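Good morning, and thank you for coming. I would like to take you through one structure today, and I ask you to keep the sequence and the model in view as I speak.

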Amino acid sequence: MVNKIDHIGIAVKNLDEALKFYEEVLGIKCGGTEVGEEQKVKVAFLPIGDTEIELLESTDEDGPVAKFIEKRGEGIQHIAYRVDDIEKAIEELKEKGIRMIDEKPRYGAGGARIAFLHPKSTYGVLIELCERK
Ligand code: ZN
């Protein structure tokens, strides 16, 4: 069902500060930034190999990333797996009794179509399915 790790989402309090670490210490070049209105986040994309690190800073104290940091501190917030056909993947997961946060795909950063699985069904990890054309 899933092909590869598309990206790893990391929640940070301050995107510019975190970027300094990734760029200057680890030497990963930022591939661009984007504001996601729906998720209330500012995102920085850091391509590495054939995957990507996605740094997420909340733009709103009620956003999901702000709530995540409040509860668990900064750190890995989600893992995104690439799928070819997101509708088909969601249907298969539902048939297998997996609890979905998104029963229909929505648009995420970079124009990808995404859907989240509920961490209660995934051993505590917020999993994102990600379809890119
Ligand atoms: Zn993501």
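Which residue stands opposite E128 in β8? The residue is A80. Before I build on that pair, a word on conventions. This is a predicted model, in which local features need pLDDT of at least 70 and side-chain atom pairs count only at pLDDT 80 or more, while totals for chains, interfaces and linings use all residues. Residues are numbered from 1 along each chain as its sequence is written, and side-chain values use heavy atoms, with hydrogens and water left out. Helices (H or I, at least four residues) and strands (E, at least two) are DSSP runs, numbered from the N terminus.

Let me begin with the sheet. It is an open sheet of 8 strands with mixed pairing, in the order β2-β3-β4-β1-β5-β8-β7-β6. Two strands are said to pair if DSSP finds at least two bridges between them. At the edges are β2, residues 32-36, and β6, residues 106-107, each of which pairs on one side only.

β1 and β4 pair in the parallel sense over 4 bridges, and here A11 stands opposite L56 in β4. β1 and β5 pair in the antiparallel sense over 6 bridges, with H78 in β5 as the bridge partner of G9. β5 and β8 are parallel, paired over 4 bridges. β8 and β7 are antiparallel, paired over 5 bridges, and C130 in β8 is the bridge partner of I114. Lastly, β6 and β7 run antiparallel and are joined by 2 bridges, where Y107 has R113 in β7 as its bridge partner.

E131 deserves attention. E131 belongs to β8, residues 127-131, and counts as buried at 4% relative accessibility. What does the side chain of E131 reach with a polar atom? That atom lies 2.8 Å from the backbone nitrogen of I86. This is a polar contact: a pair of N or O atoms within 3.5 Å where, within protein, one must be able to donate a hydrogen and the other to accept it, and residues adjacent in sequence count only if both atoms are side-chain atoms. Taking contact as heavy atoms within 4.5 Å, and leaving aside residues up to four places away in sequence, E131 touches V83, D84, D85, I86, A112 and R113.

I86 brings us to helix α3, residues 86-95, where I86, A89, I90 and L93 are buried. Seen down the axis of α3, these buried residues fall within an arc of 100 degrees (taken from the directions from the helix axis to the C-beta atoms), so they line one face of the helix. The face turned away carries the exposed residues K88 and E95. β7 and β8 are among the elements that cover the buried residues of α3. At the start of α3, a side-chain oxygen of D85 comes within 3.3 Å of the backbone nitrogen of E87. After α3 comes G97, with a positive phi near 80 degrees.

Nonpolar side chains tend to be buried together in soluble globular proteins. A nonpolar core here is a set of buried Ala, Val, Leu, Ile, Met, Phe, Trp, Tyr and Cys residues joined through side-chain atoms within 4.5 Å. The largest has 12 residues, including I10, L19, Y22, L46 and L55. α1, β3 and β4 each supply at least two residues of this core, and the largest share, 4 residues, comes from α1. Beyond residues up to four places away in sequence, Y22 touches I10, G27, I28, L46, I53 and L55.

Key. Buried < 20%, exposed > 50% of the residue type's maximum accessible area, 1.4 Å probe, protein only.
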